[in-house]
Amino acid sequence: MLDDVEAGETYHVTRNGVEIAEVRPLETRRRRFVPVQEVQRAWRNAPRVDHAAMRAEADAFFGDEDRVSGQDDPWGKSGG
């Protein structure tokens, strides 16, 4: 029976003719591989990000006093 469930079958369990349970495959199983074309299609339809509005919203919520400036940026290009 579990082999059938793993293959996609659903079983209805009854007691005295009354259905009391359902045995079915879990739907939480996720694919490990997503084809590139599917990812590209999803991103192509994604809304554009307004970076200035997002920055303003983050500054309004978190404040901007601790933000790293261009000269303090450890990952920025060195001046020399």
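**The paired strands and their surroundings**

Tutor: In this predicted model, strand β1, residues 11–15, pairs with strand β2, residues 18–23, in the antiparallel sense, and 5 bridges join them. Together β1 and β2 form a hairpin, with 2 residues between the strands. Within this pairing, His12 stands opposite Glu22 of β2.

The turn deserves attention next. Asn16 is found in the loop between β1 and β2. The phi angle of Asn16 is near 55°, which is a positive value in a residue other than glycine. Asn16 has a relative accessible area of 78%; the cut-off for an exposed residue is over 50%, and therefore Asn16 counts as exposed.

In the model, Val13, Val18 and Ile20 form a nonpolar patch on the surface. The accessible area of these three residues together is about 240 Å². One of them, Val18, is found in strand β2.

Side chains of opposite charge can pair when their charged atoms come close. Here Glu22 forms a salt bridge with Arg24, and the closest N and O atoms are 3.2 Å apart. Both partners fall into the middle class of accessibility: Glu22 is partly exposed at 40% relative accessibility, and Arg24 is partly exposed at 41%.

Asp59 and Arg55 both lie in helix α3, residues 51–62, where they are 4 residues apart, about one turn of the helix. As to accessibility, Asp59 has a relative value of 17% and counts as buried, because the cut-off for a buried residue is under 20%. Arg55, at 39% relative accessibility, counts as partly exposed.

The structure holds 1 aromatic pair. The ring centres of Phe61 and Phe62 lie 4.8 Å apart and the ring planes stand at 85°, so the pair is edge-to-face. The cut-off behind this assignment is an angle over 60 degrees. Both Phe61 and Phe62 are exposed.

Among contacts with a separation of 6 or more, residues 24 or more positions apart account for 0%. Of the 80 residues of the protein, 2% count as buried. The accessible surface of the protein comes to about 8,300 Å², and carbon and sulfur atoms hold 51% of that surface.

In summary, the part requested is an antiparallel pairing of β1 and β2 over 5 bridges, with Asn16 and its positive phi in the turn, a nonpolar surface patch of Val13, Val18 and Ile20, and a salt bridge between Arg24 and Glu22.

Key. Residues numbered from 1 in each chain as written. Predicted model: local features only at pLDDT ≥ 70, side-chain atom pairs only at ≥ 80, totals over all residues. Heavy atoms only, no water. Pairing = 2+ DSSP bridges. Patch = residues over 30% accessible without salt bridge, like charges linked within 9 Å, V, L, I, M, F, W, Y side chains within 5 Å. Areas by Shrake-Rupley, 256 points an atom, 1.4 Å probe, with all protein chains shown as cover. Salt bridge = Lys/Arg side-chain N within 4 Å of Asp/Glu carboxyl O. Phe/Tyr/Trp six-rings, centres within 6.5 Å; stacked < 30°, edge-to-face > 60°. Buried < 20%, exposed > 50% of the residue type's maximum accessible area, 1.4 Å probe, protein only. Contact = heavy atoms within 4.5 Å.
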